[in-house]
Amino acid sequence: MRCLLFPGQGVQRKGMGAELFARFPDATALADEVLGYSIEELCVRDPQRRLRDTRYAQPAVFFVNALMGLAVETGHDFYAGHSLGEYNALVAAGVLDLEAALRLVRRRAELMSEITGGGMSAVQGVPVAFVRRALIETGLTGVFVANLNADTQTTIAGDRTEVAVAAKAIAALPGARVVPINVSGPFHTPLMAPAEARFREVLAGFEFRPARVPVVSGVTGEVFDGPDLLARQLSSPVEWVRAVTTLRAAGVTAFDEVNGTTLGSLAGKIA
Amino acid sequence: MNTDIAIVGVSVDVPGARDLDAFWRIISTGSSSVRPFPQDRRQKLDQYIHYLRATSIDPLNEPDIDYHNGSFLDEVDTFDYAAFGMNPRQATLTDPHHRMVMRAMFLAFEDAGYSADRLRGSRTGVFVGFAVNPGSTYLDYICRIDPTVGQQAITGNIPTMLANRLSHLLDLRGPSLVVDTACSATLVAVHQAKNALLVGDCDLAVVGGARIVFAPVKHPHSNIGIESSDGVTRTFDEAADGTGFGEGSGAVVLKRMEQALADGDQIYAVLKGSAVNHDGNTEGITNPDSDSQAELLLAAWRNADVDPRSIGYFEAHGTATRVGDPIEHEGMKRAFAKHTDDRGFCAVGTVKANVGHLFEGSGVIGLIKAIAVLRNGMIPPQANFATPNPKLDFSSGPLYVPTTLRPWESDGPRRAGVSAFGLGGTNAHAVLEEHTSGERPVPSEGEVLVTLSAATPRSLTWLVERYLRFIDGGGLADADIADIAYTTRVSRSSHRHRVAVLASDVDDLRRGLAELLVNGQRPITGPLAARAKAYLAGGPVDSAPPEDRAPRIVRLPSYAFDETLAWMEFPDTWRAQLSLATNDERHPVTHDVEFQPTPALPRTGVPDGASVLALVDPDTDAEAFLATADLGAARVLRLGEDFTAESFDDVARLVVDEDVTHVVHALAFEPAPATEVEEVERRTAKNLTSLFHLSKALMAAGVKVDLVVLTRTAVCAEEGDTTAVTENAALVGFGKVIGREYPYIKVKHLDVDTAVPGPALAAEVFSGEHGLFLLRGPDRSREVFVEVPDVDTDGPETYLKPGGTYLITGGTGALGLAVARSFAEKRPDITLVLLSRSGMPPRDEWDDLLAAGTATKRITTVRDLEALGTKVFVRSADAGDPKALAAAVTGIQQDHGRIDGIVHAAGLPGGATLMFRLREDFDEVVRVKLHGAFVLDELTRDDRPDFVVHFSSVASVFPAPGQADYAAGNYYLDNLARSQAGGSCHVVALDWVAWKEIGMAVDHGTNGDTMFKALPTSVGLDVVDAALRSRRSRLFAGELNYRGELIHLLRSYDVPLSADIDAKVEREMHALEERLLKASEKIKATVAAVQVELKGRENGEYTDVEQSVAQCLALAFGYPALDVEADFFELGGDSIMAASVASTIAVRHGVHYDVADLLADRTISEIAYHVEELAEFAEDVA
């Protein structure tokens, strides 16, 4: 069985999706209207360098993911997405329509960007257990495991200063490499609780249809079972290893991916 | 077939002449440009020469530098990088010869009517004559200043690029080659180009060369014997004493005659024919030979199909040497004598008297002189000629030396010959004929568009000024405006900066150009407006011939290069920077690990919060022994042999749930060593495997815990103690690795006897010290790493017996084969049995396998050994499989009797860290070492060999992550050898660091220098020899790499260092820190000194970081100005440069910035943004 994967924030590149906007004029017009600016200009030329900003990066990645999803062959047995990418998976599975998802993503991005002073770092080369232990040993309370991406790829997030201190401690582990990630907020940590609460209210105003094709959630690592997961997602770690393991257990043997190759390569690093 | 070749383009650049007209002025006036080496160049070289003298092995202590006189160029250190698609840095790293050849060929193409656009994709050949001459090269010079540029500078300095770079730049598809025949090179290249055109290898060819004398330093021992004493060349003169140095460049463009006529080219002269030959076996390889020179002329005349009597001018090689001139004269006389008895009809001269000897470049310069003579129809006077050399009898021959300029009268077309002879014997001669064009062009009517272009705005301005001067000097008096327009279109219009002028005649053109200078480009109106607009906008240039008239190329001013300094400056601070003091301190290769007494721990109670979990084997006394110590409320888990990996997940859960602080692994508590391999199997499966699972489970749970590995007299405390339970010592090696992979498990290994007092044991369990401790009753000792400066070879002098049988496991591996060879070389009359998993292919397949390149090392070594007279047998068996190994050993004993010596060199490398290690893989690595050694012992117990050498590893002392299995197996070997010390069989374990040239480390790419220097094969084999001649039971073989950047790691192990080693580590760590600091300060200072202007942003505002990033890039590329959005690759960057640029950026800004970051960011603005992010991050940490 095949699963189509959608990446999240972080894959944005100036020029992404350049050839797609003209191919999908209606969707592009819809996006311009929902967002209030030209999505194509943002993705392709980005004259004001907004792709660095969560508020713009999220709709941009979501929309390019969505167009690429439309452009690839369908007929997948499962969909899954990493963080923001879950919205694409839900659209692909018919749970949300494109416009609703875009409105949600826009709001999500706004709420997330309001929580500042955060930082994030990727940790490679050591198992998550080592990272957790190192975090405990630092005695810091404002830094958390935020993504479990592969067996030895984890991200930590939290208070900006604490993340930096923790990163230094983790980097001292044999074989560990720590690379700061350019985001403004402590995404996927309990520090996002205020955004989670407000986003839960937003979600209440949208309709979620049953999935035509199962979507595996990165929040639980299990099949998506309701909109509240999207609220919890903001303050919960991305359990990507668990999601991939679930998909494999369900019989998925091939992972396809839009907008890059990050997720496929992560799946290859999950035993 | 018409074999005439037209010379359709010429460029020349020698001191005093940068074009053909100026060159003719020098020649026609008989001038000579000899002078002292120019002051500016002298200044730039002085320090370098001083440096070379001071740093040679036999330093030359002469304060004064004496330079030769010669025909020197004023400057060789500038270049117009933009015109040749380079960046300033590349230009600076390019040999001046390359730059000059490019320039010369570019100008010759332009003169021939070819722009880059017109040439692109054409079948054009590039032929360069060049040789690397003795003495300094530019590459040598720049590498002395900065050795790190070597790699980057390759393409600008290796000779092949002289031709290839131009072919690449202009996309030329014909032959592209460099000819090296010494002084005849460029004329031989002309011959090659002619032939290439005639056989159809190309449709157009450029031939040229260049020569500078990098450092014309006078030194009595450096002359080759042809140099003139004062730099003046006096060919054919009585006072001639050699040739003077000449510098410059020249190039010609060749085309088949018919094609040139069809293309309307300006034809400077016709190459009628040419020949190349060699002197053959003359008296000496440097002696010229008049017979072969005469043969050469006859061959060239035949090739040209001309009557030699019709030749009126002869451009001789003429080096003005006492040997060379008479031989050349004799050769000419003999050749002419075959055709005519007429006397004094042919003028002879050589351009060397005017501009010196350009060595490889001299042929084409002579050719260009002959072209000038033909074109002007005048015979020029020979320079520096006063009194004829009495040895040359001109009056009786066909030749005369002209002393005044006079018209060249001729009945038929004027013809000339050009000779060039190369040191070493390759001679070349070319026959030229003048070309007279009868037709005058039909005058054109109407306005035409004259287009000009340049790579920089400055060049463009200069170019327009040049045209004005050219017109004012009458240069275009005979040219039709339509032909001027065509010529500029096809040869001068493809650069980036462009102008266009409408003109109906030359006067019109002059007015238009003058107006351009004052007012800049004006809009062009009328019928040509659209074409002009497209051209000015950078559109492609049409190089098709005109529709309304025959194409005709006319002579126009040449390109005005915008040259800037492209030279690495030799630092005059070199004396201060050069530390001539050397540190030749030697460090020993051999080390050992000793057990040294260490004070007993103070006895304290159970620490607060301590919680102990002990794992014991109920079949041993471990639990009772532990009960003698007060370990608080310790939990005891009795584990049998029937545990699984999951059992230890439960243990780990318990550790987490119960906040266990100390886990005691006390399973390996057998009182006596195993005597049978089955028992070894049982014990390793229980003891080592349980520790494997336990460590994995504790790591996976992410716990922080002290792990105490308790063994009972497993480690041999005293050499020769055969009661040591050696197999359990594998746990020591294993334990050393855990903390290397996961620092939150602190491991201490307590090897005890049961006489250890309970309170002492408790103190050990709870102490904060880690590592291996031997506790025997009240005594306590621990490992210390010490130097063994000299190995006492007080053992047997010879350890190989005549007729002896020696077994090497891992025998067909690289180390095994090396040992086999060293044994056979010491004593050929032995039998070697090589045992390995892969074995050896059948003998009848060896030849085929060798031919196919398979298993070659094994086969050739075995054959070599057999050639020495050694009997070699190869057996296939897995040393890790006791049954298979036993069968093999028994078989050997049956076939060869007693085994007289064993080298146990079999081994498999470790692989993954424990978290990701599979049990099967783990076991395999352990078994080859441990089970293999045990079986070898077991089967030779009754008839012990003279010696057993165990190949162990650095991993048993200083393991790396991922080596738990490897360390376990090797620690066993070390301990086994120690327990067998002093017996009738000399057993020794050798702890190898990585071998540099052969073996496992090479196969896995880990044969670099780390904490230790990788071991050369010869040194390794010497250690084997010394060990066998000693009585030692162990040697650690590896020299500490004190100067390496990893030396600090030595202190991170729980193995104390001896005081002398520790002091050296301390000292070198400080020294390293200083070196790194100095290096980074140097980089910062260098970057800070870079002047660069940022551009590309409308408001003109740039951040400080953008400025400093720009400085880093400008340092790499040399640009005086950089666009903040310019792409790294478009600036001329490549992946080789990226690493060094990223490192500069990282050092300058004090952040971790690597090549992957640079390749992703690519522009100054993005790099700066990223660097700021990283800097903020770093600040947060601090």
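Begin at the meeting of the two chains, where 17 residues of chain B are in contact with 16 residues of chain A, contact meaning that C-beta atoms placed from the backbone lie within 7 Å. This is a predicted model, in which local features need pLDDT of at least 70 and side-chain atom pairs count only at pLDDT 80 or more, while totals for chains, interfaces and linings use all residues. Residues are numbered from 1 along each chain as its sequence is written, and chains are lettered from A in the order in which they are written.

Select next α37 (1164–1181) of chain B, which gives the most to the side of chain B that touches chain A, with five residues; helices are DSSP runs (H or I) of at least four residues, and strands (E) of at least two, numbered from the N terminus.

Then show Leu832(B), Leu990(B) and Leu1113(B), which have the most contacts inside the largest nonpolar core, a set of 273 residues. Such a core consists of buried Ala, Val, Leu, Ile, Met, Phe, Trp, Tyr and Cys residues joined through C-beta atoms within 7 Å, buried meaning that 20 or more other C-beta atoms lie within 10 Å of a residue's own. Helix α29 (residues 919–939) of chain B gives the most to this core, with ten residues.

Finally, move to chain A and select the open sheet of four strands, ordered β7-β2-β1-β8 with parallel pairing, where strands pair if DSSP finds at least two bridges between them. Its edge strands are β7 (215–216) and β8 (254–257) of chain A, and within the sheet Ala80(A) stands opposite Val216(A) in β7(A).

Key:
Buried ≥ 20, exposed ≤ 12 C-beta atoms within 10 Å, placed from the backbone.
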